[in-house]
Amino acid sequence: MRDVRDSVRAWPARLRREPAVGQTVRSTLAATISYVVALQLSSEPAPLTAPLTALLVVQVTLYSTLTTGIRRVNSVVAGVLLAIGFSALVGLTWWSLGLIILASLIVGRIVRVSEFVPEVAISAMLVLGVTQVGGAAWDRVLETLIGAVVGLLFNVLFVPPVWVGTAGESIQDLARRMRRLVLGIGEQLRSPTPVARAAAHLHEARRLDNDIADVDAALRQAEDSLRLNPRVKEGLLHRVVLRTGLDTLEICAVVLRVLARTFTDLAKEREEEALFPQEVAVALEELLAHVADTLVSFAVLVTTQVSESAEAAETRLAGELAAAAMKREEVAQLLLQDIQRNPRQWQLQGALLTEIDRILDELDTEHRSRRLMEELDRVTREHHERYPRLAAIREWVLEKRRRRAAR
């Protein structure tokens with residue numbers, strides 16, 4: 001009973017920490033305020049375009065708010081200008097309606113308003129359908145601007161949450177699912193393994209692709225939340241660390257699928273006997289357990305932001321890698337002796353070691369550091385090439401700070 005009461009009392013605090021709650025409140029307030037402002041400035045009796053725009057503009061992140069607001073305003077202005085031109089020439093008929101829809105969709109692609117291409121046609125139709133085109137057209141533009149400005153101000157004054165924690169949890173959950181798969185594969189080694197059981201692990205490995213897609217979506221949201229966010233000082237570093245971490249786990253997931261396929265093929269060849277002799281099976285199961293723990297340790301490392309915690313996570317990962325490397329050498333010797341006694345399916349047994357080596361190499365700390373630096377250099381170089389003036393200003397500011405610190 002006490003646990004239930006404690007859970008009920010803690011529920012409001014958890015609710016306040018939930019990012020979706022803050023997003024809902026911001027969207028509601030922004031839409032309401034934009035409607036009130038539009039009532040004062042627009043001649044329309046019910047200027048619903050303003051709250052609609054605010055709802056669309058107040059996105060989860062500040063970066064998406066800016067980009068969404070610009071695209072939406074562009075789409076409305078393009079549709080209004082088309083409607084003004086058509087009303088001056090032909091007015092509203094069935095064929096002019098079809099023609100303006102076609103022209104609006106084409107113009108929407110040309111001005112690159114992305115998901116707001118239909119908004120160009122909607123704005124054009126609504127404006128073309130009213131009697132006084134000029135006044136209605138500019139009222140719609142005004143309402144759109146009001147909604148966009150209010151939405152932008154809300155995300156500037158009330159900065160959206162940083163979604164790094166959510167993305168980090170998704171990455172760790174993915175690593176834990178991979179760990180359970182590897183442990184499940186290891187548990188089947190000491191006894192005859194039905195082909196159906198080995199194939200089930202293969203299907204589970206294939207389903208990791210769907211999990212990776214979900215984590216990738218969460219990571220893209222986290223990357224957007226770090227852009228232009230005043231709360232974050234090293235947004236680029238956080239983005240690159242998480243992205244390279246997910247890329248590494250994705251490569252490991254592919255190798256795990258191949259590993260599961262190798263065990264399935266081996267189970268088909270040895271249906272009436274154990275996959276390996278007892279001594280080899282025990283050592284290989286222990287090796288897979290080390291690999292499984294290494295996957296989780298790696299995920300914890302790439303999602304840890306506090307420096308002291310990151311050092312502890314890196315130390316733990318290094319220890320797991322060292323233990324896995326020692327056990328790998330033991331397994332290699334046992335497999336060699338077994339193959340010398342009985343060379344059946346030696347290619348599959350050699351493939352097992354190769355696949356395990358690939359996973360351990362991807363999770364290696366030196367490999368991770370090298371890949372992280374390469375990705376940072378690539379992203380920085382692309383940013384300089386895309387925004388040379390902004391990069392020059394940033395370099396000038398950093399140089400001023402270094403000089404000030406030197407004094």
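How many helices and how many strands does the secondary structure of the protein chain come to? The protein chain has 15 helices and zero strands, where helices (H or I, at least four residues) and strands (E, at least two) are DSSP runs numbered from the N terminus. This is a predicted model, in which local features need pLDDT of at least 70, side-chain atom pairs count only at pLDDT 80 or more, and totals for chains, interfaces and linings use all residues. Residues are numbered from 1 along each chain as its sequence is written, and side-chain values use heavy atoms, with hydrogens and water left out.

**Whole chain**

- Of the 407 residues in the protein chain, 43% are buried; buried means under 20% relative accessible area, exposed over 50%, and partly exposed in between (1.4 Å probe, protein chains only).
- Among contacts with a separation of 6 or more in the protein chain, 77% join residues 24 or more positions apart, a contact being heavy atoms within 4.5 Å.
- Carbon and sulfur atoms hold 58% of the accessible surface of the protein chain, which comes to about 22,100 Å² (Shrake-Rupley method, 1.4 Å probe; for residues, only the protein chains shown count as cover).

**Nonpolar cores**

- The largest nonpolar core has 61 residues, and those with the most contacts inside it include M178, L249, L256 and F263; such a core is a set of buried Ala, Val, Leu, Ile, Met, Phe, Trp, Tyr and Cys residues joined through side-chain atoms within 4.5 Å.
- At least two residues of this core come from each of α8 (164-187), α9 (195-226), α10, α11 (278-302), α12 (307-341) and α13 (346-363).
- With 14 residues, α10 supplies the largest share of this core.
- Another core, of eight residues, lies apart from it and has A50, V58, V150 and F154 among its members.
- Beyond its neighbours within four places in sequence, M178 contacts L208, L249, C252, A253, L256 and L295.

**Cavity**

- There is one cavity of 30 Å³ or more, a cavity being a set of points, on a 1 Å grid over the protein atoms alone, where a 1.4 Å probe fits but cannot get out.
- The largest cavity holds about 30 Å³ of space; grid points are joined across faces, edges and corners, and the volume is the space filled by probe spheres set on the points.
- T244, T248, F298, R368, R371 and L372 line the largest cavity, lining residues having an atom within 4 Å of a point.
- α10 (235-269) and α14 (365-386) each give at least two residues to this lining, and α14 gives the most, with three.
- By class, the lining has two nonpolar, two polar and two charged residues (Ala, Val, Leu, Ile, Met, Phe, Trp, Tyr, Cys and Pro count as nonpolar, Asp, Glu, Lys and Arg as charged, and the others, Gly among them, as polar).

**Selected residues**

- E362, in helix α13, counts as buried because its relative accessible area is 5%.
- Leaving out neighbours within four places in sequence, E362 is in contact with T248, I251, C252, H367 and R371.
- L82 lies in helix α4 (residues 62-89) and is buried, at a relative accessible area of 18%.
- Residues up to four places away aside, L82 touches I100, A103, S104, V107 and V120; L82 and V120 are 38 residues apart in sequence and 8.8 Å apart C-alpha to C-alpha.
- Y35, in helix α2 (residues 19-41), is partly exposed, with a relative accessible area of 26%.
- Not counting residues up to four places away in sequence, Y35 touches P45, A46, P47, L48 and P51; the C-alpha atoms of Y35 and P51, 16 residues apart along the chain, are separated by 5.3 Å.

How values were computed:
On a 1 Å grid over the protein atoms alone, a cavity is a set of points where a 1.4 Å probe fits but cannot get out, and a pocket is an open set with protein on both sides within 12 Å along at least five of seven lines; lining residues have an atom within 4 Å of a point.
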